[in-house]
Amino acid sequence: MDKKRRVKRIFDSISGKYDFLNHFLSAGIDFYWRKKALDYTGINKNAALLDIACGTGDFAISARKRGIKNIYGADLSLNMLRLFQKKAGWIKGNNIQGVAEFLPFKDFSFTNITVAFGVRNFYDISEGFREFFRILNHGGKVTVLEFSLPSNFLVRSFYLFYFKFILPFLGKIVSKDKEAYQYLPDSVSEFDSSVDISALLLECGFKNVQSKTLTFGIVKVVVAEK
C-alpha cells in the first residue's frame with residue numbers, strides 16, 4: 001500500500017477516537033503547543049488561514065478563538081473533516097478533502113498556512129512546500145508544528161520508550177487499530193532523522209525561517225515567510 005492510501009486508511013479508521021487519544025496521550029499539552037505556535041507566528045484577526053492536514057480542526061479552532069474568521073481546512077481523511085464540521089459549524093463550506101501537494105486554490109490566496117503534526121505524512125514534502133509558497137501572499141507565513149527527538153539523553157530515552165511501547169499499547173486498546181499507533185512512533189523517528197524542515201522551506205523559496213523547540217524538545221515550531 002502506498003503512503004497516501006496508508007495514511008488515509010489509518011486516519012479514517014481512528015477518527016472517532018482521535019481527539020481523545022491526542023489529548024490523553026499528550027496530557028493535554030497539545031493545546032499549549034498550538035497556542036505557542038500561533039504566538040510565534042504573530043497571526044492576527046485579519047488573517048486568511050489555511051490549516052493543512054487539519055484533522056478534526058484543533059489548530060483552526062485555536063486560531064478562531066483569536067478572532068480569525070477567514071479559515072479553511074484541508075485533510076486527506078474525509079472522516080476527520082466530518083468531525084471537524086461537527087465541532088465547528090462555522091467551517092461549513094471551507095473544508096476541502098485533499099493533499100498538500102495539490103491544493104485547489106489560486107495563487108496568493110492566503111496570508112497564513114498552518115500544519116500540526118502533518119508534514120511527516122506528506123508523500124512529497126518539497127512539492128507540498130512549493131504549493132504553500134504558490135498560494136501564500138507576499139509576506140505570508142507558513143507555520144509547522146511537528147514532533148522531534150529531544151537532544152537531552154534522559155529526556156530522549158524516556159520519550160523513545162513512551163513512543164515505542166506505551167503509546168502504541170494504549171493507542172491500540174482505545175482505537176482498536178493496531179497499525180495506527182505503531183505508525184506514529186515509526187514515522188516520527190524516521191522523519192526526524194531524515195528531514196530538515198527549515199532547509200526544505202529555504203529550498204522552496206521561503207525566507208526568515210525560524211525554529212523553536214517546546215517541552216524539552218519533544219516538539220518544534222518552524223515559521224517561514226514568503
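**Exercise 1. Find which backbone oxygen the side chain of Asn95 reaches, and describe the setting of Asn95.**

Step 1. Start at the side chain of Asn95, which reaches the backbone oxygen of Leu81 at 3.5 Å. Before going on, note that this is a predicted model, where local features need pLDDT of at least 70, side-chain atom pairs count only at pLDDT 80 or more, and totals for chains, interfaces and linings use all residues. Residues are numbered from 1 along each chain as its sequence is written, and side-chain values use heavy atoms, with hydrogens and water left out.

Step 2. Now place Asn95 in strand β3, residues 95-97 (strands are DSSP runs of E, at least two residues, numbered from the N terminus).

Step 3. Asn95 is buried, at a relative accessible area of 19% (buried means under 20%, with a 1.4 Å probe and protein chains only).

Step 4. Setting aside neighbours within four places in sequence, look for contacts of Asn95: Gly73, Leu81, Phe84 and Gln85 (contact means heavy atoms within 4.5 Å).

**Exercise 2. List the buried residues of helix α5.**

Step 1. Helix α5 covers residues 125-135.

Step 2. Its buried residues are Ile125, Ser126, Gly128, Phe129, Glu131, Phe132 and Ile135.

Methods. Helix = DSSP H or I, 4+ residues; strand = E, 2+ residues; numbered from the N terminus. Buried < 20%, exposed > 50% of the residue type's maximum accessible area, 1.4 Å probe, protein only. Polar contact = N/O pair within 3.5 Å; in protein donor to acceptor, adjacent residues only side chain to side chain.
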